[in-house]
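Dear colleague,

I am passing on the structure we spoke about, with some notes on how its parts meet. Please look through it alongside the text below.

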Amino acid sequence: MITAAALAALATACAVGSWRFTTARWTSRAPRLAIILWQSLGVAWGLATTGAMLAYAVQPYGLGVLPGLIAFARGETPRAPWDALHVLAMIAGITALAVLVVVLLTAGVQALRARRRHRMLLALIAHDDPAMPGVRVLDHPSAAAYCVPGLRSQVVVSEGARKLLSQDELAAVLAHEAAHVRERHDLVLLPFAALRRALPWSKVVADAQAQVELLIEMAADDRARRYCSPRRLATALLRFGTAGAMPTPHGMLGLHAHNVMARVDRLVKPGPELAVSVRYGYIALSVTLVTAAPFLWVIQL
C-alpha cells in the first residue's frame, strides 16, 4: 500500500509540475534543458500513474509492482485474498499501460509511413540544385522550408522561399532545418504527440506538446546561430510569418509562423544564460524523476 501511495504522490507531483512548468519563464533561456525536463516529467508521470494502480492491484502478493506482476503472470497464490477493487485496479493499470505503449507505437508507425510517402513524392516533384548541395528544391510558389527526419533525412526548400529570402536568410533557414535533423527533434516530439492522441481532452497534455514544439524550434535556432547571423534568421522568420507560408506536411519538421515574435526577440536580444547552479539543479531534478518511478516499480515498501 505504501508503494501505491508513493507512486500516486509522484504522479500527482508530475501533473502539478507539468501545469506549473507551462508558465515557466526560464525555459527560453535554456531550451535543451527544458526539453530534458519535459521528457523526464512525461516518463515519470506515465510510469507513476500506471504503477500506482498496479501496485495496489498486486498488494495481496505483498511484493513490489514488478515482482507482483511476475507472480501474477506465473499464477502464484497471493498471500491475501483478492477483492473487486484489486481486480479493477489490475484491469485499469494494464489497460492504461497498454494504451500508452500502443499509441506510442502507432504514432511512430504513422510518422514513418508519412515520411516514406513524402520521400516518394519528393522524388517526383523536387530536384537538386548544385548551389545548395544536399537540399531538395520543391517547385512551389509558396514559401516552405522543412526537413524530412529519419535515417535518410532530407532538407526541403520551395522556390517560393528562395524568391522570398536573401541568400544570407536562406542559409540561416537551411541551418535551422539541418539542426532539426542533427538533434532528431522528431523523436523528441513523438512521445508528446502520442500522449496527446491518448488524452485529447487534457489541457495539460496539449500545453505540454505546444511548449515542446516551441522549445525544439528555439533549440534549432540556437544551433543555427553558430553558423549564421542571428539577425538574418530573425528576419527570415518575420518574412515567413507575414508571407503566408505553406503548411509543413504531416510528420515533417518545418519553419512555420507559430510564436514568431518570441523566437525573434530571443534571437535579436538574447537573455542571460542560466546560472550553472540552476542548470545542475534542473539536471538533478530530471535524473531524480526518471529514476524514481522505475525504482518504485522494483522495490517493496
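This is a predicted model: local features need pLDDT of at least 70, side-chain atom pairs count only at pLDDT 80 or more; totals for chains, interfaces and linings use all residues.

As for the two parts themselves, the chain is divided into domain 1, which takes in 1-108 + 275-300, and domain 2, which covers 125-270. Their C-alpha centres lie 33 Å apart, while 18 residues of domain 1 are in contact with 23 residues of domain 2. Between them the domains bury about 1,800 Å², of which 76% is on carbon and sulfur atoms. On the side of domain 1, the residues that lose the most area to domain 2 are R32, I35 and W38, which together make up 32% of what that side buries.

Turning to polar pairing, three residue pairs are found in polar contact across the interface of domain 1 and domain 2, both residues of each being at pLDDT 80 or more. The side of domain 1 that touches domain 2 draws at least two residues from each of α1 (2-21), α2 (31-57) and α4 (84-125), and α2 supplies the largest share, seven residues. By type, the residues of that side of domain 1 divide into 11 nonpolar, six polar and one charged.

With best wishes

Notes:
Residues are numbered from 1 along each chain as its sequence is written. Side-chain values use heavy atoms; hydrogens and water are left out. Domain bounds come from an automatic or database domain assignment. Contact means heavy atoms within 4.5 Å. Buried area is the accessible area (1.4 Å probe) that two parts lose on being put together, summed over both. A polar contact is a pair of N or O atoms within 3.5 Å; within protein, one must be able to donate a hydrogen and the other to accept it, and residues adjacent in sequence count only if both atoms are side-chain atoms. Helices (H or I, at least four residues) and strands (E, at least two) are DSSP runs, numbered from the N terminus. Ala, Val, Leu, Ile, Met, Phe, Trp, Tyr, Cys and Pro count as nonpolar, Asp, Glu, Lys and Arg as charged, and the others, Gly among them, as polar.
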